[in-house]
Amino acid sequence: MSKENNPFKKINWSLFVGGLLILFITALAIWGPALAPRDPLEANPGPLLIGDHWDMPPYDPFTKGFPLGSDAKGRDVLSSLLWGVRPTLELVLIVAGARLLLGLTFGLAAGWTDRPIRKIVDIAISGAMAIPILLVALAMLAKFGQDLGSYITALVITGWAETAKMIQAETRRIKKQTYIEAAFALGAPVRRMLGKHVIRHLTPLLLILFSFEVSSTLLTVSTLGFLGFFIIDKRIIEFHREGYLPELGQMLAISINVPIQPWAMVAAGTVVFITILGFNLVGQGLRIRLNIQAARRRTWLDQWTERISLWIEQNIVFPIEQFLGERVGVAVRIILTLTLIMLIPGGELKQQFRSELDIDQRLDMNAILPKPLDTRVPTPAKETEPASNKPFIAWSFEVPDGSPAAPVIGVDGITYIVSHNNVLYALGTDGRLIWEKQLVPEPYHYLQHNGARTIIPPQATNLNNIIVIGEQNVYAIDKAGNKMWDVSLDSPPGAKFCCSWDQDKEIMYLLDESAALYAILPDSGLTWKYLPRAKNVVPRSKPVISRDGTIYYTFSVSSSRSTGFGDAFLQAVTPEGRQLWISTIPNSTEQGGQQQTDYDRIFVGPEEELIFVSGLIFDANNGNLAPHQFSDFVIDPKTAQELGIYDLLIGAGDKYEGKLTAYSVLLFVGYNGENYLITGSIIFRWKYTENGLKILNAVNANLGSGLGFPLPDEIGVTQYDLIWLRYAPSSDEARRFIEPQILWIDMERDNTFKVIDKQGNYQVAFDPENGSFYFCSAKRDPDILQCQDFSPWSDEPDWQITVDGVNSIKYGHLDLTTGRLYIFAKNNIFYVIDN
Amino acid sequence: MLRFTFHRVIILLVVLFAAHFFGYAFTFAEYARNLQNKGEVVDNVWGSYRSYLTEMVHLDFGSIGKNGEKVQDRIIRSSAVSCGVLAIAFIASTVVGFVLGFVAASTDPPRVRTWLAVLATIGLSMPAFYLGSLIMIVFFYYLILLGPNAKLPLPLQGFGWDSHLVLPVLVLMTRPAVQIAQVTAEYFSNEFGKQYVVAARSFGHTWRKIRTRHALRNILVPVVISITASLKLLICELIVVEWLFGLPGLGRLLILMLVRNVSFLSNSSNLLYNPQLTSAIVGVFAALFLSIDFLGSVLIYWLEPRYRV
């Protein structure tokens, strides 16, 4: 055989390259945490001085101190990666080992035994092979998930089949060999034949299979990680996109949400790819090298390996077996092997994960990183250790001169507060003051109905900058506190109707007091301006943006602003800033100096073909009133009786004829994408058809006088089809008519549940997704602030927290992205509650 | 042949029924618990399944949530997307894989060319999500580079029977294609080392004739087995690809249905723990798998005379 054609004369590139890759990954797993330059859990909200400018997270790769960049919270990707390889590899090795063991057991059983056991095991193997691992794993995790045992079981339960099939075939081949026949003839027991002959001959195959098992397991683990299942502190969290402890699957899971910050995904994905590639190459290389069918050239490594093995066998194992007996000898052999495995990586793989974050071994990054612009914290952050699932005050911050408006939370979790003296404070996720900036020009101040002076709060953008709305201009401040651009306004902004964002938070729409519409991009400022065709117009609603980008808003015209409102209009503007149509709202002319109806509640219908303005329905295509309106709405007496609302549809002593004459109506769209209307205390689910409004369902909130009842202050429908209403009467007179309360109504089951707010609690936040309410109230003597979370159908709070020394609340806010409750007390202290 | 086919069809039907029942039972406990909490009387799983079967006979497969959307409508809509994407990816991967394998099998000496070995090793080691994400990131930077008015050459998200399919199919077909190519090339090169090929060469047959007339017939069975396996691989990858590119197919529906907290990302509340929907999805997946298995085994039985003996 020529040298060229002899495979054993050539370098086994697969084994060589694969071995190098595995050595690299193993080294990362063992020494990675010690090499990590930072604590992987340490958030670094910044700012960081890079060259001559300040930068905020996420930092790009090759930033000083962040070689692979950072995530949105400033956590170092390189450190996460160095910490993340170990738990992933541990898990993968455990799963691959378990699969191999199961595969060996089933394969031996199927290959060695005869019918009927062989047939049964064969069917089990074929069945397991037929079911895709990923589907089974997903189903098991969905059903039994949340713990590591389920996770490993899900990965092992069918993954062994391929291995078993190969071992079965090889066992059958070995079983036919003459030495097995000889052993059988000499009366050797099956156990001995399997142990001494079959498994020994299977060893090369097992090594190959183990390599492929590891790569296959890692592929499944990383795919599950990508789909949202990953290890967190020895638990599995499904679809929890916020990462905690670093792990490759977790890094992948988080990254899918932030394509503009792909560093973590690229880094983790590359490590996964390299590891799979390494194990695949080693598997292929071993297949060539350990090919027992081929004649083998004995290299010096083979010769020495054989010599050492022989010496161990003759001088250690054999004497022990002779002295202690065969069984104990086998046990000693296993213990020796395990000890070797433990000794080689120095026991590193057994280290506990979180508890070993040894900051002292790392570089002192404080020496490298610049100090924040101003580390002065007016009141030191008070941090309470969280109990399990108990709310706690994550941090608090005192704004020296108080704040006129609610805080704004950026997409990166940074909190922005404007003080009465127009200072903008940027606070990190841990409450640390990042920077403060005097806002010049100051934000626009206006008077509320109750006479309180407030401002239009700054707007957080998806680019982590802040847009400040002043009286004559709008400007942006970047995440480091520098001014970016400035846009002049023709008139002051429209107070409470000022601003809205499109669905992707890419464009902000601003209405000024003369109903001019400005489209503003976070990074570059004004993109277009739409001027109303009439003079002396006043905005009556916020701009509402449909999914196709069309902007709708209402405004009123008056010959003189002091004389009150004239006709009201519904305006539609294209995403390019051109008029789509304008439509008069019928019967909207002022009567007695007051507009008859508020036109500030605009909803775009679920199909985007209809626009609802209070009780009116417009065609979204041309702005005409839809052929069918609520005024045509007929509900026949029989149906009314069936729905149990007959008595509510009529006044005292009247006879109901089928026509509704409502005092006030609100048509709205639920979070579940369905049409609803409320008139009085009756709520209808409806559908717009060619023949009119078709009632699908109705429910009475059981508040009393049916149609004459005032509309709630807030109403909505959760994605779980649960209707919620909130009544918050502001005066004592109004309280006599209805108590402050919240209601949950299940329309399908005609089931109502209410929580009466007898203590006059101040409702601070609402989660429209699942219908939870967060109440906070403060009392005097003793001064206590109490916050509670109510789930739907519960009059007992899910949790509550009390804070001493606070006797009044200014306002509160729930941020769904961070899941935190932000409370601003009147003592100018800002509390952040986390659970 | 008939007996074999009949035997396989019976097994297919039994397993399909079992899978359908399993799908129903899988979410029934949660579903029943929810109903019981609301004070409703619920039959046991078998009784409930029997009622469901009776409704199925009348072509009523149940409804999803309170919107009243019919399960069969949703399943047909999602299956059309998934099966369409699968079919295109399957044909593409088979053709590309086979052509690559055909080209990569060198005749003298008989071996697999190095470029395919490298390509196959890299391709098989690259998870679909990684490849897909890399493509998305490249496109993203393309947009950043050319500004907000730039148009992407291919859409990254959404579904349509047009250019929307290019990237999902590309990501989906990569691993199966290299797998088929590897198997084809390996078996071809094995055949080229056999005596009958030497004999054929000595008779003056061209390599083209040997490849197509003799070697191809001998390797068809393992290649068909590999294609069948690749189709199963495709179905698993489909879940990830549908999730990544936002295709409204069965895989995405499965994720939306199985995972409770996914509703944080998308409105799936109506899909959670719906036994009718689960059984339908499991049924469709099982039918796909079993049909592939059935067609593969019938094809192998037909191609390989030794099985018929």
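The following legends describe close-up views of a predicted model.

**View 1. The disulfide between Cys498(A) and Cys499(A).** The two cysteines are joined through their sulfur atoms, with an S to S distance of 1.8 Å. Over all chains, the count comes to 1 disulfide. A disulfide is a covalent bond between the sulfur atoms of two cysteines.

**View 2. An open sheet of 4 strands in chain A.** The strands follow the order 28-29-30-31, and their pairing is antiparallel. Strand 28 (665-669) and strand 31 (692-700) stand at the edges; each has a single partner strand, so one side of each is left without a neighbour in the sheet. On average, neighbouring strands of this sheet are turned by 30 degrees against each other, direction ignored.

**View 3. The pairing of strand 30 with strand 31 in chain A.** Strand 30 comprises residues 682-689 and runs antiparallel to strand 31, to which 8 bridges join it. Within this view, Lys687(A) stands opposite Lys694(A), a residue of strand 31 of chain A. Strand 31, with residues 692-700, is also one of the strands at the edges of the sheet.

Conventions:
Residues are numbered from 1 along each chain as its sequence is written. Chains are lettered from A and ligands numbered from 1 in the order in which they are written. This is a predicted model: local features need pLDDT of at least 70, side-chain atom pairs count only at pLDDT 80 or more; totals for chains, interfaces and linings use all residues. Side-chain values use heavy atoms; hydrogens and water are left out. A disulfide is a pair of cysteine sulfur atoms within 2.5 Å. Two strands pair if DSSP finds at least two bridges between them. Helices (H or I, at least four residues) and strands (E, at least two) are DSSP runs, numbered from the N terminus. Axes are lines fitted to C-alpha atoms, for helices over the stretch in contact, and angles run from 0 to 180 degrees between N-to-C directions.
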